[in-house]
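Thank you all for coming. I would like to take a few minutes to walk through one structure with you, going slowly enough that everyone can follow along on the screen.

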Amino acid sequence: MGSVQEGNNAVRLPVINISEFSVGVGKQLLDAAIRYGFLYIDTDGTGFTESMVDREFELSRNFFALPEAQKKKCLIDETNRGWTGMHGEILDPKTQRKGDFKEAFNMGEFLNGEPRQPMPQALEPHIKELADFERTCKKVSDRILDLLGLGLEVDEPDFFSSRHTQPSGCTVRFLHYPSISADVDYHPEVDIRAGAHSDYGSITLLFQRPSQPGLQIMTSDQMWAPVPVIPDGYTSATFPPILVNIADLLSYWTNGLLKSTIHRVIFPQDSGPGGGDRYSIVYFCHPGNDVELVPVPSKLVAAHVLEDGTQVGYGGGAATKRAITAKEHLNNRLQATYEFRIQKTSEDGPAA
Ligand SMILES: O=C(O)CCC(=O)C(=O)O
Ligand SMILES: [Fe+2]
(Lines give C-alpha, C1' and ligand atoms only; values in the text may rest on other atoms or scores of the structure.)
(Ligands and ions follow the chains in the order given, each with its own letter.)
Protein backbone atom coordinates (compact mmCIF):
# COMPACT_ATOMS: atom_id res chain seq x y z
CA MET A 1 0.00 0.00 0.00
CA GLY A 2 3.05 2.26 0.28
CA SER A 3 2.94 3.38 -3.38
CA VAL A 4 -0.61 4.75 -3.27
CA GLN A 5 -0.57 8.50 -3.81
CA GLU A 6 -1.51 11.04 -1.23
CA GLY A 7 -4.56 13.06 -2.29
CA ASN A 8 -5.34 16.46 -0.82
CA ASN A 9 -9.06 16.63 -1.29
CA ALA A 10 -11.23 15.34 1.50
CA VAL A 11 -13.85 12.95 0.17
CA ARG A 12 -17.44 14.23 0.41
CA LEU A 13 -19.37 11.32 1.87
CA PRO A 14 -23.14 11.63 2.30
CA VAL A 15 -24.66 12.10 5.77
CA ILE A 16 -27.72 9.86 6.07
CA ASN A 17 -30.47 10.08 8.66
CA ILE A 18 -31.84 6.63 9.49
CA SER A 19 -34.70 7.68 11.77
CA GLU A 20 -37.17 6.93 8.97
CA PHE A 21 -37.36 3.26 7.91
CA SER A 22 -38.09 3.43 4.20
CA VAL A 23 -36.98 2.19 0.80
CA GLY A 24 -35.80 5.75 0.06
CA VAL A 25 -33.37 5.74 3.00
CA GLY A 26 -32.33 2.17 2.09
CA LYS A 27 -31.49 3.34 -1.43
CA GLN A 28 -29.43 6.27 -0.07
CA LEU A 29 -27.41 3.85 2.07
CA LEU A 30 -27.04 1.40 -0.79
CA ASP A 31 -25.85 4.09 -3.17
CA ALA A 32 -23.11 5.23 -0.74
CA ALA A 33 -22.17 1.61 0.04
CA ILE A 34 -21.72 0.89 -3.68
CA ARG A 35 -19.94 4.12 -4.49
CA TYR A 36 -17.62 4.64 -1.51
CA GLY A 37 -18.10 1.81 0.99
CA PHE A 38 -18.18 4.62 3.60
CA LEU A 39 -20.89 7.03 4.77
CA TYR A 40 -21.89 9.09 7.79
CA ILE A 41 -24.96 8.40 9.89
CA ASP A 42 -26.58 11.40 11.56
CA THR A 43 -26.71 10.60 15.29
CA ASP A 44 -30.27 11.99 15.41
CA GLY A 45 -32.70 9.11 15.80
CA THR A 46 -30.04 6.46 16.47
CA GLY A 47 -30.46 6.24 20.24
CA PHE A 48 -26.93 7.54 20.84
CA THR A 49 -26.75 10.76 22.85
CA GLU A 50 -23.81 13.11 23.06
CA SER A 51 -23.37 12.45 26.78
CA MET A 52 -23.43 8.68 26.27
CA VAL A 53 -20.68 8.82 23.63
CA ASP A 54 -18.64 11.37 25.64
CA ARG A 55 -18.88 9.07 28.64
CA GLU A 56 -17.68 6.06 26.64
CA PHE A 57 -14.64 8.07 25.53
CA GLU A 58 -14.01 9.10 29.15
CA LEU A 59 -13.98 5.43 30.19
CA SER A 60 -11.62 4.67 27.32
CA ARG A 61 -9.22 7.49 28.32
CA ASN A 62 -9.28 6.36 31.95
CA PHE A 63 -8.46 2.81 30.92
CA PHE A 64 -5.54 3.77 28.67
CA ALA A 65 -4.13 6.06 31.39
CA LEU A 66 -3.66 3.04 33.71
CA PRO A 67 -0.13 1.78 34.37
CA GLU A 68 0.96 -0.78 31.80
CA ALA A 69 1.16 -3.52 34.44
CA GLN A 70 -2.60 -3.19 35.02
CA LYS A 71 -3.49 -3.25 31.34
CA LYS A 72 -1.30 -6.32 30.88
CA LYS A 73 -3.57 -8.21 33.26
CA CYS A 74 -6.12 -8.21 30.42
CA LEU A 75 -3.77 -9.05 27.55
CA ILE A 76 -5.46 -9.97 24.29
CA ASP A 77 -5.84 -13.71 23.75
CA GLU A 78 -6.89 -16.06 20.96
CA THR A 79 -10.53 -15.01 21.45
CA ASN A 80 -9.50 -11.53 20.19
CA ARG A 81 -10.57 -9.96 23.49
CA GLY A 82 -8.44 -7.78 25.74
CA TRP A 83 -5.64 -5.22 25.52
CA THR A 84 -2.91 -4.97 22.90
CA GLY A 85 -0.08 -2.47 23.47
CA MET A 86 1.92 -0.17 21.16
CA HIS A 87 3.03 -2.00 17.99
CA GLY A 88 1.20 -5.13 19.13
CA GLU A 89 -0.72 -5.30 15.88
CA ILE A 90 0.37 -4.81 12.29
CA LEU A 91 -2.49 -4.20 9.88
CA ASP A 92 -0.41 -3.89 6.69
CA PRO A 93 2.52 -6.28 7.19
CA LYS A 94 3.76 -5.94 3.59
CA THR A 95 4.48 -2.21 3.97
CA GLN A 96 5.02 -1.52 7.63
CA ARG A 97 8.41 -1.73 9.28
CA LYS A 98 6.92 -2.16 12.73
CA GLY A 99 3.51 -2.49 14.27
CA ASP A 100 0.81 0.16 14.42
CA PHE A 101 1.45 3.21 16.64
CA LYS A 102 -1.59 2.51 18.79
CA GLU A 103 -2.93 0.57 21.73
CA ALA A 104 -6.37 -1.03 21.81
CA PHE A 105 -8.81 -2.74 24.14
CA ASN A 106 -11.32 -5.19 22.62
CA MET A 107 -14.58 -6.05 24.34
CA GLY A 108 -16.35 -9.04 22.83
CA GLU A 109 -20.12 -9.18 22.88
CA PHE A 110 -21.88 -9.03 26.23
CA LEU A 111 -24.31 -11.76 27.27
CA ASN A 112 -27.36 -10.54 29.19
CA GLY A 113 -25.50 -7.33 29.97
CA GLU A 114 -22.41 -9.12 31.29
CA PRO A 115 -18.96 -9.22 29.65
CA ARG A 116 -17.55 -12.64 28.81
CA GLN A 117 -13.92 -11.79 29.46
CA PRO A 118 -11.78 -10.57 32.34
CA MET A 119 -12.37 -6.83 32.71
CA PRO A 120 -9.84 -4.34 34.07
CA GLN A 121 -10.68 -3.25 37.60
CA ALA A 122 -11.06 0.36 36.45
CA LEU A 123 -13.93 -0.63 34.12
CA GLU A 124 -15.68 -3.08 36.48
CA PRO A 125 -17.91 -0.40 38.09
CA HIS A 126 -19.06 0.74 34.63
CA ILE A 127 -20.26 -2.52 33.12
CA LYS A 128 -23.81 -1.24 32.73
CA GLU A 129 -22.76 1.82 30.72
CA LEU A 130 -20.46 -0.31 28.56
CA ALA A 131 -23.24 -2.83 27.96
CA ASP A 132 -25.73 -0.06 27.06
CA PHE A 133 -23.29 1.36 24.55
CA GLU A 134 -22.72 -2.06 23.00
CA ARG A 135 -26.47 -2.72 22.83
CA THR A 136 -27.04 0.58 21.03
CA CYS A 137 -24.25 -0.23 18.55
CA LYS A 138 -25.95 -3.56 17.83
CA LYS A 139 -29.36 -1.92 17.41
CA VAL A 140 -28.05 0.72 15.00
CA SER A 141 -26.10 -1.90 13.02
CA ASP A 142 -29.21 -4.10 12.68
CA ARG A 143 -31.17 -1.12 11.42
CA ILE A 144 -28.51 -0.27 8.82
CA LEU A 145 -28.45 -3.93 7.72
CA ASP A 146 -32.25 -3.97 7.39
CA LEU A 147 -32.21 -0.73 5.41
CA LEU A 148 -29.55 -2.18 3.10
CA GLY A 149 -31.79 -5.24 2.68
CA LEU A 150 -34.63 -2.90 1.67
CA GLY A 151 -32.35 -1.04 -0.72
CA LEU A 152 -31.19 -4.33 -2.27
CA GLU A 153 -34.85 -5.37 -2.68
CA VAL A 154 -34.26 -8.66 -0.88
CA ASP A 155 -37.57 -10.51 -0.36
CA GLU A 156 -36.84 -10.77 3.36
CA PRO A 157 -35.30 -7.35 4.17
CA ASP A 158 -34.02 -8.79 7.45
CA PHE A 159 -31.90 -11.31 5.52
CA PHE A 160 -28.70 -9.83 6.99
CA SER A 161 -29.83 -8.85 10.49
CA SER A 162 -31.50 -12.23 11.10
CA ARG A 163 -28.09 -13.81 10.46
CA HIS A 164 -26.47 -11.61 13.11
CA THR A 165 -27.05 -14.05 15.96
CA GLN A 166 -25.01 -14.78 19.09
CA PRO A 167 -22.33 -15.95 19.62
CA SER A 168 -20.45 -13.83 17.10
CA GLY A 169 -17.24 -11.88 16.66
CA CYS A 170 -18.99 -8.53 17.40
CA THR A 171 -16.52 -6.31 19.22
CA VAL A 172 -16.40 -2.84 20.75
CA ARG A 173 -12.81 -1.62 20.44
CA PHE A 174 -11.29 1.34 22.31
CA LEU A 175 -8.35 2.80 20.41
CA HIS A 176 -5.64 5.20 21.57
CA TYR A 177 -3.04 6.59 19.19
CA PRO A 178 -0.62 8.43 21.49
CA SER A 179 1.23 11.55 20.54
CA ILE A 180 4.87 10.59 20.02
CA SER A 181 7.86 12.41 21.47
CA ALA A 182 10.82 13.58 19.37
CA ASP A 183 13.12 10.80 20.60
CA VAL A 184 10.80 8.00 19.40
CA ASP A 185 12.17 5.90 16.54
CA TYR A 186 9.68 6.99 13.88
CA HIS A 187 10.05 6.97 10.07
CA PRO A 188 7.17 8.78 8.37
CA GLU A 189 7.55 6.96 5.07
CA VAL A 190 6.78 3.56 6.62
CA ASP A 191 5.46 4.12 10.13
CA ILE A 192 1.77 4.69 10.61
CA ARG A 193 -0.91 4.78 13.30
CA ALA A 194 -3.00 2.03 11.66
CA GLY A 195 -1.78 0.36 8.48
CA ALA A 196 -3.91 0.05 5.35
CA HIS A 197 -6.59 -2.63 5.73
CA SER A 198 -10.22 -3.46 5.19
CA ASP A 199 -12.41 -4.58 8.10
CA TYR A 200 -13.28 -8.23 8.66
CA GLY A 201 -16.93 -8.19 9.69
CA SER A 202 -20.17 -7.08 8.00
CA ILE A 203 -20.26 -3.38 8.87
CA THR A 204 -18.22 -1.14 11.15
CA LEU A 205 -19.32 1.91 13.18
CA LEU A 206 -16.61 4.45 14.00
CA PHE A 207 -16.89 7.10 16.72
CA GLN A 208 -14.38 9.93 16.57
CA ARG A 209 -13.55 13.09 18.54
CA PRO A 210 -13.71 16.60 17.04
CA SER A 211 -10.20 17.84 16.20
CA GLN A 212 -8.62 14.36 16.29
CA PRO A 213 -8.46 13.55 12.55
CA GLY A 214 -6.32 10.98 10.75
CA LEU A 215 -8.57 8.52 8.93
CA GLN A 216 -8.01 8.19 5.17
CA ILE A 217 -9.80 6.00 2.66
CA MET A 218 -8.59 4.75 -0.68
CA THR A 219 -10.74 6.16 -3.46
CA SER A 220 -11.61 4.39 -6.71
CA ASP A 221 -8.79 6.30 -8.45
CA GLN A 222 -6.31 4.77 -6.01
CA MET A 223 -5.61 7.93 -4.01
CA TRP A 224 -5.66 8.39 -0.26
CA ALA A 225 -8.40 10.83 0.71
CA PRO A 226 -8.77 12.24 4.23
CA VAL A 227 -12.19 11.80 5.83
CA PRO A 228 -13.15 14.78 8.04
CA VAL A 229 -14.40 13.88 11.52
CA ILE A 230 -17.23 16.40 11.02
CA PRO A 231 -18.25 17.06 7.41
CA ASP A 232 -18.98 20.60 6.18
CA GLY A 233 -22.43 21.81 7.11
CA TYR A 234 -23.11 19.16 9.78
CA THR A 235 -25.46 20.21 12.54
CA SER A 236 -23.11 19.76 15.53
CA ALA A 237 -19.51 20.87 16.13
CA THR A 238 -19.16 18.75 19.27
CA PHE A 239 -21.00 15.49 18.52
CA PRO A 240 -19.68 14.04 15.24
CA PRO A 241 -21.81 11.79 13.05
CA ILE A 242 -21.05 8.05 13.14
CA LEU A 243 -18.83 6.95 10.30
CA VAL A 244 -20.01 3.63 8.89
CA ASN A 245 -18.14 1.38 6.52
CA ILE A 246 -18.93 -1.78 4.64
CA ALA A 247 -16.61 -4.59 5.72
CA ASP A 248 -15.46 -7.77 3.96
CA LEU A 249 -18.41 -10.03 4.70
CA LEU A 250 -21.06 -7.71 3.29
CA SER A 251 -18.91 -7.28 0.22
CA TYR A 252 -18.56 -11.06 -0.18
CA TRP A 253 -22.26 -11.48 0.47
CA THR A 254 -23.05 -9.14 -2.42
CA ASN A 255 -20.40 -10.29 -4.92
CA GLY A 256 -18.47 -7.05 -4.44
CA LEU A 257 -21.45 -4.78 -5.24
CA LEU A 258 -21.01 -3.20 -1.80
CA LYS A 259 -17.43 -2.03 -1.31
CA SER A 260 -15.19 -3.06 1.57
CA THR A 261 -12.93 -0.04 1.20
CA ILE A 262 -9.30 0.04 2.30
CA HIS A 263 -8.53 2.65 4.93
CA ARG A 264 -5.77 3.64 7.34
CA VAL A 265 -4.98 6.12 10.12
CA ILE A 266 -2.05 8.52 9.67
CA PHE A 267 -0.28 11.00 11.93
CA PRO A 268 -2.03 14.21 10.82
CA GLN A 269 0.43 16.84 9.58
CA ASP A 270 -1.32 19.83 11.12
CA SER A 271 -1.79 18.51 14.67
CA GLY A 272 1.55 19.82 15.92
CA PRO A 273 4.62 17.85 16.95
CA GLY A 274 3.94 14.23 17.78
CA GLY A 275 0.61 14.14 15.97
CA GLY A 276 -1.51 14.89 19.04
CA ASP A 277 -3.41 12.09 20.82
CA ARG A 278 -6.22 10.43 18.92
CA TYR A 279 -8.92 8.34 20.57
CA SER A 280 -11.53 6.45 18.59
CA ILE A 281 -14.10 3.77 19.37
CA VAL A 282 -15.00 1.13 16.83
CA TYR A 283 -17.85 -1.35 16.72
CA PHE A 284 -17.06 -4.30 14.48
CA CYS A 285 -20.35 -5.97 13.62
CA HIS A 286 -20.21 -9.67 12.65
CA PRO A 287 -22.79 -12.30 11.70
CA GLY A 288 -23.24 -15.28 14.03
CA ASN A 289 -20.20 -17.59 14.15
CA ASP A 290 -21.88 -20.49 12.36
CA VAL A 291 -23.67 -18.44 9.72
CA GLU A 292 -22.78 -19.60 6.22
CA LEU A 293 -22.11 -16.84 3.75
CA VAL A 294 -24.60 -18.04 1.15
CA PRO A 295 -25.70 -15.73 -1.69
CA VAL A 296 -28.16 -13.01 -0.83
CA PRO A 297 -31.35 -13.37 -2.89
CA SER A 298 -31.30 -9.96 -4.57
CA LYS A 299 -31.83 -9.20 -8.26
CA LEU A 300 -29.44 -6.27 -7.94
CA VAL A 301 -26.69 -8.52 -6.65
CA ALA A 302 -27.34 -11.16 -9.28
CA ALA A 303 -27.15 -8.47 -11.99
CA HIS A 304 -23.84 -7.21 -10.69
CA VAL A 305 -21.04 -8.67 -12.76
CA LEU A 306 -17.54 -7.38 -12.24
CA GLU A 307 -15.87 -5.81 -15.31
CA ASP A 308 -13.50 -8.71 -15.83
CA GLY A 309 -16.26 -11.23 -15.19
CA THR A 310 -14.73 -12.47 -11.94
CA GLN A 311 -16.71 -12.99 -8.77
CA VAL A 312 -15.58 -12.11 -5.31
CA GLY A 313 -16.43 -13.71 -2.04
CA TYR A 314 -19.46 -15.87 -1.54
CA GLY A 315 -22.35 -13.65 -2.55
CA GLY A 316 -24.31 -13.25 -5.73
CA GLY A 317 -23.36 -15.71 -8.41
CA ALA A 318 -20.46 -17.18 -6.49
CA ALA A 319 -22.67 -19.90 -5.04
CA THR A 320 -20.59 -22.71 -6.47
CA LYS A 321 -17.86 -22.04 -3.95
CA ARG A 322 -18.25 -23.72 -0.57
CA ALA A 323 -19.90 -21.16 1.65
CA ILE A 324 -17.56 -20.57 4.56
CA THR A 325 -18.86 -19.52 7.94
CA ALA A 326 -18.44 -16.07 9.46
CA LYS A 327 -16.10 -17.48 12.11
CA GLU A 328 -13.88 -19.22 9.57
CA HIS A 329 -13.52 -15.94 7.75
CA LEU A 330 -12.68 -14.01 10.93
CA ASN A 331 -10.08 -16.56 12.00
CA ASN A 332 -8.45 -16.44 8.57
CA ARG A 333 -8.19 -12.68 8.74
CA LEU A 334 -6.85 -12.58 12.31
CA GLN A 335 -4.12 -15.06 11.43
CA ALA A 336 -1.63 -12.44 10.20
CA THR A 337 -2.05 -10.44 13.39
CA TYR A 338 -1.54 -13.47 15.59
CA GLU A 339 1.50 -14.62 13.63
CA PHE A 340 2.99 -11.19 14.11
CA ARG A 341 2.28 -11.23 17.82
CA ILE A 342 3.84 -14.64 18.30
CA GLN A 343 6.92 -13.63 16.32
CA LYS A 344 7.20 -10.37 18.24
CA THR A 345 7.09 -12.20 21.57
CA SER A 346 9.87 -14.59 20.61
CA GLU A 347 12.04 -11.69 19.37
CA ASP A 348 11.50 -9.79 22.57
CA GLY A 349 12.06 -12.73 24.84
CA PRO A 350 9.34 -14.46 26.85
CA ALA A 351 6.07 -12.60 27.16
CA ALA A 352 5.74 -10.78 30.49
O1 LIG B 1 -9.25 4.64 14.58
C2 LIG B 1 -9.78 4.72 13.49
O3 LIG B 1 -10.19 5.78 13.09
C4 LIG B 1 -9.99 3.55 12.58
C5 LIG B 1 -9.55 2.25 13.15
C6 LIG B 1 -9.76 1.13 12.21
O7 LIG B 1 -9.90 1.31 11.03
C8 LIG B 1 -9.85 -0.24 12.73
O9 LIG B 1 -9.51 -0.45 13.92
O10 LIG B 1 -10.25 -1.13 11.97
FE1 LIG C 1 -10.66 -0.48 10.09
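Let me begin with two histidines, H197 and H263, both of which are buried in this predicted model. Because H197 belongs to strand 7, residues 194-197, while H263 belongs to strand 12, residues 263-265, the pair ties together parts of the chain that are 66 residues apart in sequence.

That brings me to the fold as a whole, where the secondary structure comes to seven helices and 13 strands. Of the 352 residues in the protein, 56% are buried, and among the contacts with a separation of 6 or more, 78% are between residues 24 or more positions apart.

Next, please look at the open sheet of eight strands, whose order is 2-3-11-8-13-6-5-4 and whose pairing is mixed. Its edge strands are strand 2, residues 15-16, and strand 4, residues 82-84, each of which pairs on one side only. Within the sheet, strand 6, residues 171-177, and strand 13, residues 278-285, run antiparallel to each other and pair over seven bridges; to take one residue, T171 has F284 of strand 13 as its bridge partner. Helix 4, residues 127-151, packs on this sheet and touches strands 3, 5, 6, 8, 11 and 13, with its direction making about 130° with that of strand 8.

Finally, let us turn to helix 1, residues 23-35, and ask how far apart its end C-alpha atoms are. The buried residues in helix 1 are V25, G26, L29, L30, A32 and A33, and because they cover an arc of only 165° around the axis, they sit on the same side of the helix. What covers the buried residues of helix 1 includes strands 2, 3 and 11, together with helix 4 and helix 6. After helix 1 comes G37, which has a positive phi, near 75°.

Definitions and conventions: Residues numbered from 1 in each chain as written. Chains lettered and ligands numbered in written order. Predicted model: local features only at pLDDT ≥ 70, side-chain atom pairs only at ≥ 80, totals over all residues. Heavy atoms only, no water. Pairing = 2+ DSSP bridges. Helix = DSSP H or I, 4+ residues; strand = E, 2+ residues; numbered from the N terminus. Contact = heavy atoms within 4.5 Å. Axes fitted to C-alpha atoms, helices over the stretch in contact; angles between N-to-C directions. Expected span 1.5 Å × (residues − 1). Buried < 20%, exposed > 50% of the residue type's maximum accessible area, 1.4 Å probe, protein only. Arc of directions from axis to C-beta.
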